[in-house]
Amino acid sequence: MSSDQDRLARVALTWLAEPGTRSVHRLVDDLGANGALDLLLGGGAPENRLRDAVAARSREGDARAVAADALARTERLGARLVTPADGEWPATVEHLRRLVLPGATRRVDVETAPPLCFWVRGAWPLGEALERAVSVVGARAATPYGTHVATELGYGLADRDWTVVSGGAFGIDAAVHRGALNAGGLTVAVLACGIDRPYPMGNAALFDRIAETGLLVSEWMPGAEPFRPRFLVRNRVIAAATRGTVLVEASARSGATQTVNRALAAGRRAMVVPGPVTSAMSVGAHELLREQPSVRLVTGVAHVLEEVGRIGADLAPPARAPQRPRDLLDDEATQVLESMPRRGSVGVDRLAARAGVDVRTALRKLSLLEELGLVRRRDDGYALVTGPARGAAAGPS
């Protein structure tokens, strides 16, 4: 079978049955795309639901003619079709073959096979763009906190030469895309509709910016509408095509949490940014942290890179407070400092007694404290340094 026939058949199959349909994917494995298409059009679908779907679509038009029109429209848009036969095909999405969601009953949770093809708008080779990629997803009704965090993550990841992937929606998705664009980095929007009708329309200018320097990607042919189930179908690609998924804000019933579950099922790193416990937009995120032991809490780019980067090479620095002069003190010096009166001076003998050390030790530690600017010597003994120059709080008098 020629490459053109294969491409045409793959487009026709995505029109006859929604992307991710496992029985269609198995037929393509066994018979090739053209053979699978012939079988389905001849009424030989292996299951009733697929047979009914093919019959319903076929009443609307000839599948091969529809596919030919879609390919012509793709060319007019300046976009391209990418199939597994192309060098830029992202091998990571093939891991969807083994994606199984525990307890799944809904079609969108069961039909999680790899894509048959992608429509792509943008100059970057798709596989290369996704080679070092992290997805960041979250609530559409994002809070200012979530928007800020997502923007920082998008900027920081792109600034470190990671591709930032999301779904192009309002809220967290748009914020992370803009963060990556502002850093001059590469970002990919995976759509749940045709690449010629970006959804939501309010992000149309954002999609144009993404296409100029990054990629718009979809499994649906040009003109396809953004039906609600398609967002969950799309989310499996966001999860599998990247090394890890970060969730920034999600309500109790959020499609973004489903992306994280798909990432876990695909063997990818799953991460959650914590939010205020008083926010309804944090409920879903916090539940994932409670229920999924393998989900990691992250608070910034360094934590994300530690999860998805090279083992031992992208470790996040431990969180530490700024070092103060007092941090340099040993136990005896700390005891001497704590024994200083809040006001006035104290002699060495009395201070040694208060601190429970001998006079010689007190003198040595006072010398260190003076060098650190914590105490000063006076004619009648030693006194605490007060004001901005002090590096530690004194003990009680």
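How many aromatic pairs does the count come to? I started my notebook with that one.

**Ground rules**

I'm working with a predicted model, where local features need pLDDT of at least 70, side-chain atom pairs count only at pLDDT 80 or more, and totals for chains, interfaces and linings use all residues. Residues are numbered from 1 along each chain as its sequence is written, and side-chain values use heavy atoms, with hydrogens and water left out.

**Entry 1: aromatic rings**

I noted the rule before counting: rings of Phe, Tyr and Trp (its six-membered ring) pair if their centres lie within 6.5 Å, and planes under 30 degrees apart are stacked, over 60 edge-to-face, and the rest tilted. The count comes to two aromatic pairs.

I looked at W89 and F118, a tilted pair with 5.2 Å from centre to centre and 35 degrees between the planes. W89 sits in the loop between β1 (80–82) and α5 (107–110) and F118 in strand β2 (residues 118–121), so this pair ties together parts that are 29 residues apart in sequence. I jotted down what the element names mean: helices (H or I, at least four residues) and strands (E, at least two) are DSSP runs, numbered from the N terminus. Are W89 and F118 buried or exposed? Both are buried, and I wrote the cut-offs beside that (buried is under 20% relative accessible area, exposed over 50%, partly exposed in between, with a 1.4 Å probe and protein chains only).

Then I went to Y199 and F231: their ring centres are 5.8 Å apart and their planes are at 55 degrees, so this pair is tilted. Y199 is in the loop between β5 and α9 (204–213) and F231 is in helix α10, so the pair ties together parts 32 residues apart in sequence. Y199 counts as partly exposed because its relative accessibility is 43%. F231, at 23%, counts as partly exposed.

**Entry 2**

Two strands pair if DSSP finds at least two bridges between them. β3 and β4 run parallel and are joined by three bridges, and V134 stands opposite V164 in β4. To get from β3 to β4 the chain goes through helix α7 (residues 144–159), in a right-handed β-α-β crossover. I had to look that word up: with the strands pointing away from the viewer, a right-handed path from the first strand over the helix to the second runs clockwise.

On to β5 (residues 187–191), which runs parallel to β4 with three bridges between them. V188 in β5 is the bridge partner of V165. Here the chain crosses from β4 through helix α8 (residues 172–182), and this β-α-β crossover is right-handed.

**Entry 3: pockets**

Grid points are joined across faces, edges and corners, and a volume is the space filled by probe spheres set on the points.

The largest pocket holds about 1100 Å³. It has 41 lining residues, and R140, R253, S254, G255 and A256 are the closest to its centre. Which helix gives the most to this lining? I found that α10 does, with seven residues. By class the lining has 21 nonpolar, 12 polar and eight charged residues. In this scheme Ala, Val, Leu, Ile, Met, Phe, Trp, Tyr, Cys and Pro are nonpolar, Asp, Glu, Lys and Arg are charged, and the others, Gly among them, are polar.

The second largest pocket holds about 270 Å³. W15, R57, M221, A224 and R230 are the closest to its centre, out of 15 lining residues.

**Entry 4: cavities**

I found two cavities of 30 Å³ or more. The largest has a volume of about 90 Å³, and E18, P19, G20, T21 and L116 lie nearest its centre among 15 lining residues. Both α1 (3–16) and α2 (22–41) give two or more residues to that lining.

The second largest cavity has about 40 Å³ of space. V165 and V188 are among its lining residues, which comprise nine nonpolar, no polar and no charged residues.

Note on methods. On a 1 Å grid over the protein atoms alone, a cavity is a set of points where a 1.4 Å probe fits but cannot get out, and a pocket is an open set with protein on both sides within 12 Å along at least five of seven lines; lining residues have an atom within 4 Å of a point.
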